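Please look over the sequence and the structure before reading on.

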Amino acid sequence: MEHRIVLAGCGNMANRWLDYVITRDNAEIVALVDISEDAARKKAEQYNLSVPVFTVLKDAILKTHPNLVLDVTIPAAHKDVVTQSLNHGCHVFGEKPMAENLEDAKEIVAVAEQTGKNYTVMQNRRFLPSIRSLRDWLNEGIIGKAHTYHADFFLGPHFGGFRDMMDSPLIVDMAIHTFDQARFISGANAKSVYCYEFNPEGSWYKGNASAVCIFEMDDGSVFTYRGSWCAEGFPTSWEGDWRIIGTKGTAKWDGVHLPTAEVVNKDEKGFFLPTEKVEAPLSWSGREEHDGCLDEMFSSIENDRLAETDCRDNLKSMEMVFAAIQSAKEGRKVYL
Ligand SMILES: NC(=O)c1ccc[n+]([C@@H]2O[C@H](COP(=O)([O-])OP(=O)(O)OC[C@H]3O[C@@H](n4cnc5c(N)ncnc54)[C@H](O)[C@@H]3O)[C@@H](O)[C@H]2O)c1
């Protein structure tokens with residue numbers, strides 16, 4: 001299958017997507033789009049692409065006849081870019097988050113269903129050998145039945161740009177990854193959340209850059225999240241720092257290395273039972289991050305199936321995001 005591709009949004013992240021696309025022998029960039037013509041021209045030059053550039057997506061689609069649009073625009077533009085592309089008969093692979101509110105995300109899913117075209121969302125933080133090995137290890141029962149998942153996320157990036165102006169930059173632009181990872185690791189969906197969201201003193205963000213959330217999951221487990229995007233010092237990884245407790249022990253994952261666990265021998269008796277420390281076996285050999293997710297995205301349309309991070313699945317992670325924001329606004333537990 002040959003892919004004729006229009007890429008929309010020629011900013012920082014576009015580099016990651018273009019680096020991938022130019023290595024595929026069945027994919028061709030046919031146009032670049034950005035509301036800034038200068039940004040699109042510079043990207044074409046940077047990648048030595050002799051393609052037309054457009055400031056209006058519809059013009060690019062009508063003139064260059066793509067079958068696939070890559071949406072690497074800002075979150076506020078995703079709904080327009082994705083729905084226009086689907087309505088013009090293109091599949092779409094796009095950056096997270098799907099949209100800036102749940103209504104828009106649901107509308108996008110409805111358009112994907114009406115048009116029968118795939119819209120798949122970038123959730124690169126699922127595509128790591130260590131998180132896949134963690135999930136497989138938990139499924140094998142290394143700590144018995146996992147019942148409690150804790151994730152800490154503390155970083156202090158000074159981005160500049162759209163994130164500084166968002167109302168909820170941490171929850172909408174970042175925690176979507178961690179919430180999606182929680183669904184991926186646990187295999188469960190959220191059924192309720194209590195969230196306290198705030199913007200700490202000295203924050204360089206306009207909106208709330210810190211949050212604490214408690215989710216009840218539909219398998220009876222609990223997932224807690226403590227996060228901040230304006231925490232200087234002692235950074236966690238971008239994948240978060242995880243502690244998962246089960247009936248037979250605890251697993252820890254720092255987001256970088258293979259997970260470890262301390263597992264009890266229940267035949268022993270005592271005040272504290274002795275534990276054995278074990279390291280997870282590597283159980284995944286796919287490519288990492290964007291490359292891994294893009295491999296899965298392309299494979300899905302080439303094999304006429306939905307991708308792992310299809311918009312219908314991703315909506316469940318988005319529901320966690322917007323229920324958390326609603327909870328914080330209303331100061332109460334919210335049911336999904
Ligand atoms: N998956 C990840 O790990 C990861 C990391 C960083 C950013 N992102 C996501 O990637 C997306 C882009 O982020 P970025 O850092 O590249 O932002 P950026 O601001 O560097 O680039 C965005 C570009 O989109 C353009 N744009 C805005 N509205 C447009 C529209 N309607 N049509 C065409 N172009 C438009 C802007 O002019 C800009 O050039 C965001 O959704 C962000 O959340 C994902």
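## A cis peptide bond

Proline 97 is placed in the loop between β5 (91–94) and α5 (102–115). Helices (H or I, at least four residues) and strands (E, at least two) are DSSP runs, numbered from the N terminus. The peptide bond that leads from lysine 96 to proline 97 is cis, and its omega is near -15 degrees.

The model is predicted: local features need pLDDT of at least 70, side-chain atom pairs count only at pLDDT 80 or more, and totals for chains, interfaces and linings use all residues. Residues are numbered from 1 along each chain as its sequence is written, and side-chain values use heavy atoms, with hydrogens and water left out.

## Residues with positive phi

Most residues other than glycine have a negative phi, and most peptide bonds are trans. Glutamate 289, not a glycine, has a positive phi of about 55 degrees. Its place is in helix α8 (residues 289–302).

Aspartate 304 is not a glycine either, and its phi is positive at about 50 degrees. Aspartate 304 lies in the loop between α8 and α9 (311–330).

## Annotated domains

UniProt, in an unreviewed entry, gives residues 4–121 as "domain: Gfo/Idh/MocA-like oxidoreductase N-terminal". UniProt positions follow the numbering used here, feature names are shortened, and annotations may be inferred rather than shown by experiment. Residues 4–121 are 44% helix and 21% strand, with their end C-alpha atoms 19 Å apart.

For residues 138–335, UniProt lists "domain: Gfo/Idh/MocA-like oxidoreductase C-terminal", also from an unreviewed entry. This span is 27% helix and 28% strand, and its end C-alpha atoms lie 27 Å apart.

## The ligand and its surroundings

Which residues are closest to the ligand? They are Met13, Asp34, Lys96, Asn124 and Asp173, among 24 residues that surround the ligand (a heavy atom within 4 Å). By class, this shell has ten nonpolar (Ala, Val, Leu, Ile, Met, Phe, Trp, Tyr, Cys and Pro), six charged (Asp, Glu, Lys and Arg) and eight polar residues (the others, Gly among them).

An oxygen atom of the ligand lies 3.0 Å from a backbone N or O atom of asparagine 12. A polar backbone atom of methionine 13 is 2.8 Å from a ligand oxygen atom. For aspartate 173, an N or O atom in the side chain is 2.8 Å from an oxygen atom of the ligand. The elements giving two or more residues to the shell around the ligand are α1 (12–21) and α7 (169–186).

Conventions
A polar contact is a pair of N or O atoms within 3.5 Å; within protein, one must be able to donate a hydrogen and the other to accept it, and residues adjacent in sequence count only if both atoms are side-chain atoms.
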